[in-house]
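Work through the exercises below with the sequence and the model open. Each task is followed by a solution in steps.

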Amino acid sequence: MNQRRSRFQIHGWLLLMPAAIFLIAFTYYPTLATLAKSFFSQGNAIKPSRFVGLENYEFLITDEVFWKVVGNNVIYAATTIPISIALALLMAVWVNGRLPMKSLVRMSFFTPTVLPMIAVANIWLFFYSPDIGLIDQITSSFGIASHNWLGDPDTVLGCIIVITIWKEAGFFMIFYLAALQTLSPELEEAARLEGASRWYYFRRVMFPLLMPTTLFVLINAIINSFKLVDQLFILTKGGPDNASSLLLYYIYEVAFSFLDQAYASTLTVVLLLALAIIAIGQFVFLDKKVHYR
Amino acid sequence: MRTANLKEKISLHFEYGAAYLLALIWMLPLIYAFWSAFHPSEYATRFDLLAPLTLDNFREAWSQAPFARYFLNTFLLVSIILLAQFILCTLAAYAFARFEFPGKSIAFALVLIQLMIMPEVLIVENYVTMSQLNLVDSIVGIGLPYMASAFGIFLLRQTFKTIPKELEDAARVEGCSALQILWKVYVPLARPTYVAFGLVSVSYHWNNFLWPLVITNSVTTRPLTVGLAIFGAPESGVDWSIITAGTLLAVAPLLVAFLLFQRQFVQSFMHAGIK
């Protein structure tokens, strides 16, 4: 019996081994190596890398671009997360209801999800171009002067935010749709018999019941607000003057354009810390709501 | 009662109008791409219903960039990743679902960490690893960090746990080994999950950009997204119509698949989201 049990245990570990090796090599090791590298200077042919303690972090605190990028990322998160979730919920309610031609509507909402961000950024670039772009063509027909949407530091981040919402909302809609289909239709009928308005039903019955889905979508939206930077490569390259740059894009620039891996690692640690805080938050707040079987 | 009904009816129509408007806005980029790709470039920004149709932009785009090669690269990349994910995630999920071993719950928690710390976040250090492994600018190099997918492991574990243990016991009585049981009992019964995970994985990696951009630097390895970014860069001086034609070429396979198997796609994404 004992022999069988230990063989059972060894089998378990053996099955896990291949995936574990990959996870160690490409997730845990690089995470720790990033942390270690953030305490070293960037080496080059003449000066080898050496331990510098917190020097990189001291530079980080005085780096104006870093603060600019963090500020942008906060705005990016604070706008894309609530708006895309609210739109997703609205879309799901529409598509789940009695809307005529709803499968066509559902398809148009979901299509951005299957298109690569890089490809759609090419198309959005045209929308935003001054004078000839679609937005300017529409506004000029109302007599509004043309505007360089992506060239103006005041509007560029807004343009990036709009694309992200457009890309994400349909994806989140799917999860709401799945949840809505598990709600029993009698619930709404009962509410209507009691004389409740649609809005009241939504606010007091539907929305609370969708809470686990909202939390799941919320986590995804938060992660995306750190991860989704592809559109910057096509539309703005983070400019003008870093007005549209986000943390991950700045990490990419520092590492692969300025070739400063030590500082890029320091910036990555900040990103990892932010993700760790979210993970802990999820663990503390969500574990009670979302059950893992 | 009647006026309330009327009021509600009007507001309902108003809502439907808003839904259609939003759907139209959501489709606008794609509609525009079709417009500009199928018309001569002088009509790229001028909307005239009588504009002549043409396929020249597609021919131009196809000849100006090695799209055939990019397609092949993306196809290889997506297939390699999917195959590796199926193998690695199946084995690990089986271990988590049906085996007891010391450190199991810690190991599972460690796996879930990857849901947060995705390979995108670790591009700097993973690039260093790839250069040490001599895998910079290789398709395998693009795929490696994604092969042990925490998402896949989690999804398959959930599915495996719902499969009755009696089936496994019956197979064991027949003399099947652990791997045979996995292959003959668990994998066939988890087919819907494999389809769902497969679709999500394929569309993710077909569209993925940042890491492939970092790790590739030649035509023989670049996937479509990276090729498209270079093709569409303003400094390349290609005009709108040709860029949109190239864009449509790049998204065509996935878009066509999506339109054909819309229900399957939507259901797969749903399935993947329900935990």
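## Exercise 1: a helix of chain A

In helix 5 of chain A, the buried residues are A:Met117, A:Ile118, A:Ala119, A:Val120, A:Ala121, A:Asn122, A:Ile123, A:Trp124, A:Leu125, A:Phe126 and A:Tyr128. Buried means that 20 or more other C-beta atoms, placed from the backbone, lie within 10 Å of the residue's own; with 12 or fewer a residue is exposed, and in between it is partly exposed. Helices (H or I, at least four residues) and strands (E, at least two) are DSSP runs, numbered from the N terminus. This is a predicted model, in which local features need pLDDT of at least 70 and side-chain atom pairs count only at pLDDT 80 or more, while totals for chains, interfaces and linings use all residues. Residues are numbered from 1 along each chain as its sequence is written, and chains are lettered from A and ligands numbered from 1 in the order in which they are written.

Solution. 
1. Helix 5 of chain A has twelve residues and reaches 16 Å from its first C-alpha to its last.
2. That is close to the 16 Å expected at 1.5 Å a residue, where the expected span is 1.5 Å times one less than the number of residues.
3. Eleven of the twelve residues are buried, so helix 5 of chain A is largely enclosed by the rest of the structure.

## Exercise 2: the two chains

Task: Describe the make-up and spread of chain A, then of chain B.

Solution. 
1. Chain A has 13 helices and zero strands. Its radius of gyration is 24 Å, well over the 19 Å that the globule rule gives for 293 residues, so chain A is more spread out than a compact globule. The radius is taken over C-alpha atoms, and the rule is 2.2 Å times the number of residues to the power 0.38.
2. The C-alpha atoms of chain A fill a box of roughly 80 × 75 × 30 Å along the principal axes, and 41% of its 293 residues count as buried.
3. Chain B has 14 helices and zero strands. With a radius of gyration of 24 Å, well over the 19 Å from the globule rule for 275 residues, chain B is also more spread out than a compact globule.
4. The box for the C-alpha atoms of chain B is roughly 75 × 75 × 35 Å along the principal axes; of its 275 residues, 45% count as buried.
5. Contact means that two C-beta atoms, placed from the backbone, lie within 7 Å. Among contacts in chain A between residues at least 6 apart in sequence, 68% join residues at least 24 apart. In chain B, residues 24 or more positions apart account for 77% of the contacts with a separation of 6 or more.

## Exercise 3: the interface and the core

Solution. 
1. 70 residues of chain A are in contact with 70 residues of chain B.
2. A nonpolar core is a set of buried Ala, Val, Leu, Ile, Met, Phe, Trp, Tyr and Cys residues joined through C-beta atoms within 7 Å. The largest one has 161 residues, of which A:Ala88, A:Met173, A:Ile251 and B:Ala92 touch the most other members.
3. Apart from residues up to four places away in sequence, A:Met173 touches A:Ala88, A:Met91, A:Ala92, A:Phe109 and A:Phe110.
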